[in-house]
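My notes are below the display.

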Amino acid sequence: MVEETERALAYHRPLPSHPVHIVVIAKQHVGSPIDLAGADEGLLPEVVALVQRVAAQVVQAHRACSVITNVGNYRESKHLHWHLIHQGT
């Protein structure tokens, strides 16, 4: 685990597709960033703040970070989450 808050969790992906691959996920089930209608009011700001903190850590350590989220058929997981990756080099 990288960091946990009341509403979100950041962890190293068990089967990473990049040298650094961290997932930030909402603890409350929300299908995707376009399905926030039923989410707790503070959920998205808290999750995004965690994404910001973890991305800053990756940038500090590796000088770059990509932050990715998917909607629709691109998703492996039908749950609100972001991938923070560093591709190496």
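These entries cover the strand and then the loop residue.

Before starting, I noted that this is a predicted model, in which local features need pLDDT of at least 70, side-chain atom pairs count only at pLDDT 80 or more, and totals for chains, interfaces and linings use all residues. Residues are numbered from 1 along each chain as its sequence is written, and side-chain values use heavy atoms, with hydrogens and water left out.

**Entry 1: strand S5**

I looked up S5, residues 81-86; strands are DSSP runs of E with at least two residues, numbered from the N terminus. Six of its six residues are buried (under 20% relative accessible area, 1.4 Å probe, protein chains only). In a regular strand the side chains alternate between the two faces of the sheet.

Next I looked for partners, where pairing takes at least two DSSP bridges between two strands. S3 (residues 20-26) pairs with S5 in the antiparallel sense over six bridges, and Val24 stands opposite Trp82. S4 (residues 66-68) also runs antiparallel to S5, joined by three bridges. Ser66 has Ile85 as its bridge partner in S5.

**Entry 2: Thr5**

I found Thr5 in the loop between strand S1 (3-4) and strand S2 (8-12). Is Thr5 buried or exposed? Thr5 counts as buried because its relative accessible area is 16%.

I then listed what Thr5 touches (heavy atoms within 4.5 Å): Lys27, Glu46, Leu50 and Arg53, not counting residues up to four places away in sequence. The side chains of Thr5 and Glu46 also make a polar contact at 2.5 Å (a pair of N or O atoms within 3.5 Å, where within protein one must be able to donate a hydrogen and the other to accept it, and residues adjacent in sequence count only if both atoms are side-chain atoms).

Technical notes:
Buried < 20%, exposed > 50% of the residue type's maximum accessible area, 1.4 Å probe, protein only. Helix = DSSP H or I, 4+ residues; strand = E, 2+ residues; numbered from the N terminus.
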